[in-house]
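I opened the notebook to look up charged pairs and nonpolar packing in this model. The entries follow the order in which I checked things.

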Amino acid sequence: MGRQWLKSYRYLTIANEYPRALPPIVTQSASRLSNVKSLDQLAAVLEEQTKVLSYWLYKAEPSKKYLEYSIPKKNGGWRHITAPKDGLKRIQGKLARLLAEIYNDIEQRRSNGSFDSSRASESVLAHGFKDKYSIITNARVHVGKRYVFNTDLEDFFPSITFGRVRAFFIADNNFRLSPLLQR
(Lines give C-alpha, C1' and ligand atoms only; values in the text may rest on other atoms or scores of the structure.)
Protein backbone atom coordinates (compact mmCIF):
# COMPACT_ATOMS: atom_id res chain seq x y z
CA MET A 1 0.00 0.00 0.00
CA GLY A 2 2.74 2.47 0.98
CA ARG A 3 4.78 2.04 -2.20
CA GLN A 4 1.73 2.49 -4.43
CA TRP A 5 0.96 5.74 -2.63
CA LEU A 6 4.53 6.91 -3.21
CA LYS A 7 4.40 6.13 -6.93
CA SER A 8 1.03 7.81 -7.46
CA TYR A 9 2.20 11.09 -5.93
CA ARG A 10 5.68 11.14 -7.50
CA TYR A 11 4.66 13.34 -10.42
CA LEU A 12 2.59 15.73 -8.32
CA THR A 13 5.55 16.70 -6.16
CA ILE A 14 7.93 17.74 -8.93
CA ALA A 15 6.47 21.25 -9.13
CA ASN A 16 6.78 21.58 -5.35
CA GLU A 17 10.46 20.58 -5.23
CA TYR A 18 12.07 23.95 -4.80
CA PRO A 19 14.55 25.12 -6.04
CA ARG A 20 14.98 22.31 -8.60
CA ALA A 21 11.85 23.50 -10.43
CA LEU A 22 13.63 26.80 -11.15
CA PRO A 23 16.15 27.19 -13.97
CA PRO A 24 19.71 26.38 -12.85
CA ILE A 25 22.09 29.17 -11.93
CA VAL A 26 25.71 29.15 -13.09
CA THR A 27 27.72 26.84 -10.83
CA GLN A 28 28.94 28.70 -7.75
CA SER A 29 30.77 27.56 -4.64
CA ALA A 30 30.86 28.51 -0.99
CA SER A 31 34.38 29.84 -1.45
CA ARG A 32 33.23 32.19 -4.21
CA LEU A 33 30.47 33.49 -1.96
CA SER A 34 32.85 33.83 0.98
CA ASN A 35 35.11 36.03 -1.16
CA VAL A 36 32.34 38.60 -1.56
CA LYS A 37 33.38 41.82 0.18
CA SER A 38 31.33 44.41 -1.69
CA LEU A 39 27.91 44.97 -3.17
CA ASP A 40 29.48 44.95 -6.66
CA GLN A 41 30.92 41.47 -6.01
CA LEU A 42 27.61 40.18 -4.64
CA ALA A 43 25.81 41.58 -7.69
CA ALA A 44 28.29 39.79 -9.97
CA VAL A 45 27.81 36.46 -8.17
CA LEU A 46 24.01 36.83 -8.47
CA GLU A 47 24.28 38.14 -12.06
CA GLU A 48 22.39 41.32 -11.15
CA GLN A 49 23.12 44.98 -11.73
CA THR A 50 24.59 46.61 -8.63
CA LYS A 51 22.05 49.45 -8.74
CA VAL A 52 19.15 46.96 -8.85
CA LEU A 53 20.53 44.98 -5.91
CA SER A 54 21.21 48.21 -4.01
CA TYR A 55 17.64 49.38 -4.58
CA TRP A 56 16.09 46.20 -3.18
CA LEU A 57 18.51 46.01 -0.25
CA TYR A 58 18.73 49.63 0.87
CA LYS A 59 16.24 51.92 -0.84
CA ALA A 60 12.92 50.16 -1.37
CA GLU A 61 10.38 50.67 1.39
CA PRO A 62 8.95 47.45 2.90
CA SER A 63 5.59 48.22 1.26
CA LYS A 64 7.34 48.22 -2.14
CA LYS A 65 9.17 44.95 -1.42
CA TYR A 66 6.31 42.74 -0.28
CA LEU A 67 2.67 42.12 -1.02
CA GLU A 68 0.73 41.21 2.12
CA TYR A 69 -2.57 39.35 2.13
CA SER A 70 -4.45 36.66 4.04
CA ILE A 71 -6.03 33.40 2.95
CA PRO A 72 -8.44 31.23 4.93
CA LYS A 73 -7.07 28.12 6.65
CA LYS A 74 -8.84 24.76 6.27
CA ASN A 75 -9.55 24.57 9.99
CA GLY A 76 -10.63 28.19 10.41
CA GLY A 77 -8.65 31.33 10.99
CA TRP A 78 -6.40 33.10 8.53
CA ARG A 79 -2.92 32.47 7.15
CA HIS A 80 -1.02 35.72 6.64
CA ILE A 81 1.15 35.78 3.53
CA THR A 82 4.00 38.19 2.88
CA ALA A 83 5.11 37.56 -0.69
CA PRO A 84 8.06 39.33 -2.32
CA LYS A 85 7.29 41.46 -5.34
CA ASP A 86 8.77 40.46 -8.70
CA GLY A 87 12.19 42.17 -8.58
CA LEU A 88 12.96 41.02 -5.05
CA LYS A 89 11.50 37.58 -5.80
CA ARG A 90 13.91 37.17 -8.74
CA ILE A 91 16.92 38.08 -6.56
CA GLN A 92 15.74 35.81 -3.74
CA GLY A 93 15.30 32.98 -6.25
CA LYS A 94 18.88 33.38 -7.49
CA LEU A 95 20.18 33.46 -3.93
CA ALA A 96 18.06 30.41 -3.02
CA ARG A 97 19.49 28.43 -5.95
CA LEU A 98 23.04 29.46 -5.03
CA LEU A 99 22.55 28.47 -1.38
CA ALA A 100 20.89 25.20 -2.40
CA GLU A 101 23.87 24.39 -4.61
CA ILE A 102 26.28 25.15 -1.77
CA TYR A 103 24.17 23.06 0.61
CA ASN A 104 24.18 20.14 -1.84
CA ASP A 105 27.97 20.38 -2.13
CA ILE A 106 28.25 20.33 1.68
CA GLU A 107 25.95 17.30 1.92
CA GLN A 108 27.88 15.57 -0.86
CA ARG A 109 31.15 16.05 0.99
CA ARG A 110 29.56 14.92 4.26
CA SER A 111 28.22 11.71 2.81
CA ASN A 112 31.27 11.04 0.56
CA GLY A 113 29.08 9.66 -2.16
CA SER A 114 26.30 10.37 -4.57
CA PHE A 115 22.71 11.01 -3.60
CA ASP A 116 20.47 7.93 -3.70
CA SER A 117 16.84 8.98 -3.24
CA SER A 118 15.79 5.37 -2.62
CA ARG A 119 17.99 5.30 0.51
CA ALA A 120 17.46 8.77 1.99
CA SER A 121 19.23 8.85 5.32
CA GLU A 122 17.08 8.58 8.41
CA SER A 123 19.31 11.24 9.95
CA VAL A 124 17.92 13.84 7.54
CA LEU A 125 15.37 15.66 9.67
CA ALA A 126 13.87 17.97 7.06
CA HIS A 127 13.19 17.27 3.41
CA GLY A 128 11.26 20.44 2.51
CA PHE A 129 12.74 23.07 0.20
CA LYS A 130 15.85 20.98 -0.48
CA ASP A 131 17.11 19.89 -3.87
CA LYS A 132 16.69 16.12 -4.40
CA TYR A 133 14.36 15.86 -1.38
CA SER A 134 10.57 15.92 -1.38
CA ILE A 135 7.55 14.54 0.42
CA ILE A 136 8.39 11.27 -1.34
CA THR A 137 11.91 10.96 0.10
CA ASN A 138 10.50 11.89 3.50
CA ALA A 139 7.72 9.30 3.23
CA ARG A 140 10.14 6.51 2.21
CA VAL A 141 11.92 6.78 5.55
CA HIS A 142 8.61 6.27 7.38
CA VAL A 143 7.09 3.41 5.36
CA GLY A 144 6.37 0.48 7.67
CA LYS A 145 7.01 2.45 10.86
CA ARG A 146 4.51 1.96 13.66
CA TYR A 147 4.58 5.59 14.81
CA VAL A 148 5.39 8.79 12.97
CA PHE A 149 5.58 12.13 14.76
CA ASN A 150 4.93 15.16 12.59
CA THR A 151 5.00 18.74 13.83
CA ASP A 152 4.76 22.25 12.50
CA LEU A 153 6.35 25.26 14.16
CA GLU A 154 3.85 28.07 14.53
CA ASP A 155 5.05 31.45 13.26
CA PHE A 156 8.47 30.02 12.37
CA PHE A 157 9.33 32.41 9.54
CA PRO A 158 8.50 35.64 11.40
CA SER A 159 10.80 34.46 14.21
CA ILE A 160 13.84 34.39 11.92
CA THR A 161 15.40 37.85 12.00
CA PHE A 162 18.02 39.47 9.79
CA GLY A 163 20.48 39.38 12.70
CA ARG A 164 20.11 35.61 13.14
CA VAL A 165 20.62 34.93 9.45
CA ARG A 166 23.60 37.30 9.25
CA ALA A 167 25.23 35.76 12.33
CA PHE A 168 24.81 32.26 10.89
CA PHE A 169 26.54 33.10 7.61
CA ILE A 170 29.39 34.87 9.42
CA ALA A 171 29.97 32.12 12.02
CA ASP A 172 29.23 28.91 10.10
CA ASN A 173 32.43 27.12 9.02
CA ASN A 174 30.94 26.31 5.61
CA PHE A 175 30.44 30.00 4.77
CA ARG A 176 32.53 32.36 6.95
CA LEU A 177 31.16 35.42 5.13
CA SER A 178 32.67 38.81 5.75
CA PRO A 179 30.78 40.75 8.44
CA LEU A 180 31.38 43.98 6.52
CA LEU A 181 29.74 44.31 3.12
CA GLN A 182 30.88 47.57 1.53
CA ARG A 183 28.40 49.49 -0.53
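Which side chain does Arg-90 meet in a salt bridge? I looked it up in the model, which is predicted, and found Glu-48 as the partner, at 2.8 Å from N to O. I placed Arg-90 in helix 6 and Glu-48 in the loop between helix 3 and helix 4, so this pair ties together parts 42 residues apart in sequence.

I then checked accessibility. Arg-90 has a relative accessible area of 39%, so I list Arg-90 as partly exposed. For Glu-48 the relative accessible area is 12%, which falls under the 20% cut-off for buried.

Next I asked what else is on record for Glu-48. I found a salt bridge between the side chains of Glu-48 and Lys-94, at 2.9 Å from N to O. This pair also links distant parts of the chain, since Lys-94 belongs to helix 6 and Glu-48 to the loop between helix 3 and helix 4, 46 residues apart. I noted both Glu-48 and Lys-94 as buried. Through shared partners, the salt bridges join Arg-90, Glu-48 and Lys-94 into one network. My search of the whole structure gave two salt bridges.

Last, I turned to the nonpolar packing. The largest nonpolar core holds 17 residues, and I wrote down those that touch the most other members: Leu-33, Leu-42, Leu-46, Leu-53, Leu-98 and Ile-102. I then listed the elements that give two or more residues to this core, and they are helix 3 (39–46), helix 4 (50–59) and helix 6 (86–111).

Notes:
Residues are numbered from 1 along each chain as its sequence is written. This is a predicted model: local features need pLDDT of at least 70, side-chain atom pairs count only at pLDDT 80 or more; totals for chains, interfaces and linings use all residues. Side-chain values use heavy atoms; hydrogens and water are left out. A nonpolar core is a set of buried Ala, Val, Leu, Ile, Met, Phe, Trp, Tyr and Cys residues joined through side-chain atoms within 4.5 Å. Buried means under 20% relative accessible area, exposed over 50%, partly exposed in between (1.4 Å probe, protein chains only). Helices (H or I, at least four residues) and strands (E, at least two) are DSSP runs, numbered from the N terminus. A salt bridge is a side-chain nitrogen of Lys or Arg within 4 Å of a carboxyl oxygen of Asp or Glu.
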